[in-house]
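Please study the sequence and the three-dimensional structure together. The paragraphs that follow lead through selected parts of the fold, one after another.

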Amino acid sequence: MADDAAVSEFLAVARATVGGSEVLTDPDLIAGYSVDWTRRWRGAAAAVVRPTTTEQVAALVAAARAQGVALVPQGGNTGLVGGAVPRAGEVVLSLRRFDDLGPVDVLAGQVTAGAGVTLAALQAHAAASGLAFGIDTGARDSATIGGMVATNAGGVHVVRYGPMRSQVVGLEAVLGTGEAVSRLGGLVKDNTGYDLAQLLCGSEGTLGVVTRARLRLVADEPHVVAGLLALGGVAEAVALAAALRNDVPEVRALEVMEGDSMRVVAAHLGAPPPVAPDAGAFLLVEAAGHADPTPALGAAIERHAGRADAAVAVERADRERLWRWREAHPEAAAALGVVLKFDVTLPTAAMAGFCAAVSERLGAGWPGATTLLYGHVGDGNIHVNVVGPHPDDEAVDDVVLGLVVDLGGSISAEHGIGVAKREWLARDRSAAEVTAMRAIKRALDPDGILNPGVLLP
Ligand code: MLT
Ligand code: ZN
């Protein structure tokens, strides 16, 4: 950790580089950068620095190296694993002012976006040119492109378009060495050695600071239909999700909500769900196409779940009302207290068994706790939210993540490792893999100034 004199030297360079008004040290001004959405991960920042150009970021990283000052890159601060908030006296490097959006390149189906552009702004920009962006998530109004690249964000359309790394054609970034790299030419085929852009996807700010991204856009499909189905349990939801994905190519979202979780949301929203409120599980499906996918989706639902209670919505406002039942899950959990959040992938065949076992084990170990299970069933991704146990009770991690590892899953599907799951990395990845990751970290961030304490144990 750098001493006060080193931090002062760094801040002097920072003020000369970005201007005094963009170096924040007032505790009231930096408070919002120092705690994440969960309220669980927080720490003291020495300062917040807000650059606007890649040259400024390069100068700041060089100064941080020279003074041994640790930097925590931060975008919209919507992370959930403590990967973008300070821990003990680091300087937060906020990329929010990189909010420039280039013109949509309709011929290539691409756009260049600054790291601080919000997902919602990018979606609106693409739509204005008759195209769309392949990622959507409930955090769309705050989540920013740089953070979404750094965490390889997922969301509700991964089943159709892949995660953030599938949208990235090229990046501009400043490595931990202080050197800027830029490959924003938009070449889809580019086999010229290591793909640095893909290496930075999911690197959680530990290798470089993403400043701009060249992104693939997808066709805008104006005909959208959403359906909410009440089912017997998670096993039925897994089976129906697979059948709908196979039968209806326009399917772009497949979300599961376990029955008791939906009832927590119902209490939070003060209304019963629009379909059989006592169901064992709920499946939310959305399809989008150039032609109306409603007949095909309706026929597939009839074929595979003819007797299920279902609500179908075509108009945007009606669809948003159905989606509210899924998107309110994180906030309903947070309203109960500090949430222990787990974001895991299971092999598809193990998903239902995992949900049953994790509920049973958490119920037995922490009888007063509330557990919510929901997620992106089309990707094998379940979000386990536990409220009640002390946030530092690692026995909860042992139960949830231990089960995941035993079943051949991944301890992080889309939220990343951050500080929350760091000690678990070596139980998920092999010793050879962790050694290779450390070697990459040393090569690109030789002084360990970028997000120390995040990702690697
Ligand atoms: C979601 O799918 O709702 C997000 O990943 C956020 C969360 O799980 O809290
Ligand atoms: Zn999610």
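Predicted model: local features only at pLDDT ≥ 70, side-chain atom pairs only at ≥ 80, totals over all residues.

Val168 has Leu215, a residue of strand S9, as its bridge partner. Strand S7, which covers residues 168–175, is joined by seven bridges to strand S9, residues 208–216. The two strands run antiparallel. Both belong to an open sheet of four strands, whose order is S5-S9-S7-S8 and whose pairing is antiparallel. At the edges of this sheet stand strand S5 (110–114) and strand S8 (180–182), each of which pairs on one side only. Neighbouring strands of the sheet are turned against each other by 15° on average, with direction ignored.

Which residues coordinate the zinc ion (ligand 2)? The donors are His376 and His383, each through its NE2 atom, and Glu414 through OE, at 1.9 to 2.2 Å. Along the sequence, these donor residues follow the spacing H-x6-H-x30-E. The pair of His383 and Glu414 links distant parts of the chain, since the two are 31 residues apart. His383 lies in strand S17 (residues 381–387), while Glu414 is in the loop between helix H14 (394–406) and helix H15 (425–428). Are these two residues buried or exposed? His383 has a relative accessibility of 3% and therefore counts as buried. Glu414 is also buried, because its relative accessible area is 12%.

Asn152 is found in the loop between helix H5 (145–150) and helix H6 (158–161). Its phi is near 50°, a positive value in a residue other than glycine. Asn152 has a relative accessible area of 16% and is therefore buried. Leu455, in the segment after H16, likewise has a positive phi, near 75°, and is a residue other than glycine. Because its relative accessibility is 11%, Leu455 counts as buried.

Gly448 also lies after helix H16 (431–444). With a relative accessible area of 30%, Gly448 is partly exposed, because that class lies between the buried limit of 20% and the exposed limit of 50%. In sequence, Gly448 and Leu207 are 241 residues apart, whereas their C-alpha atoms are 8.9 Å apart in space.

The last topic is the surface. Tyr194, Leu196, Leu199 and Ile440 make a nonpolar surface patch of about 420 Å². Leu196, one of these residues, has its place in helix H8 (residues 196–200). How accessible is Leu196, and in which class does that value place the residue? The relative accessibility of Leu196 is 40%, so Leu196 counts as partly exposed.

How values were computed
Residues numbered from 1 in each chain as written. Chains lettered and ligands numbered in written order. Heavy atoms only, no water. Patch = residues over 30% accessible without salt bridge, like charges linked within 9 Å, V, L, I, M, F, W, Y side chains within 5 Å. Areas by Shrake-Rupley, 256 points an atom, 1.4 Å probe, with all protein chains shown as cover. Salt bridge = Lys/Arg side-chain N within 4 Å of Asp/Glu carboxyl O. Buried < 20%, exposed > 50% of the residue type's maximum accessible area, 1.4 Å probe, protein only. Donors = N, O, S within 2.8 Å, 3.2 Å for Na, K, Ca; no water. Pairing = 2+ DSSP bridges. Axes fitted to C-alpha atoms, helices over the stretch in contact; angles between N-to-C directions.
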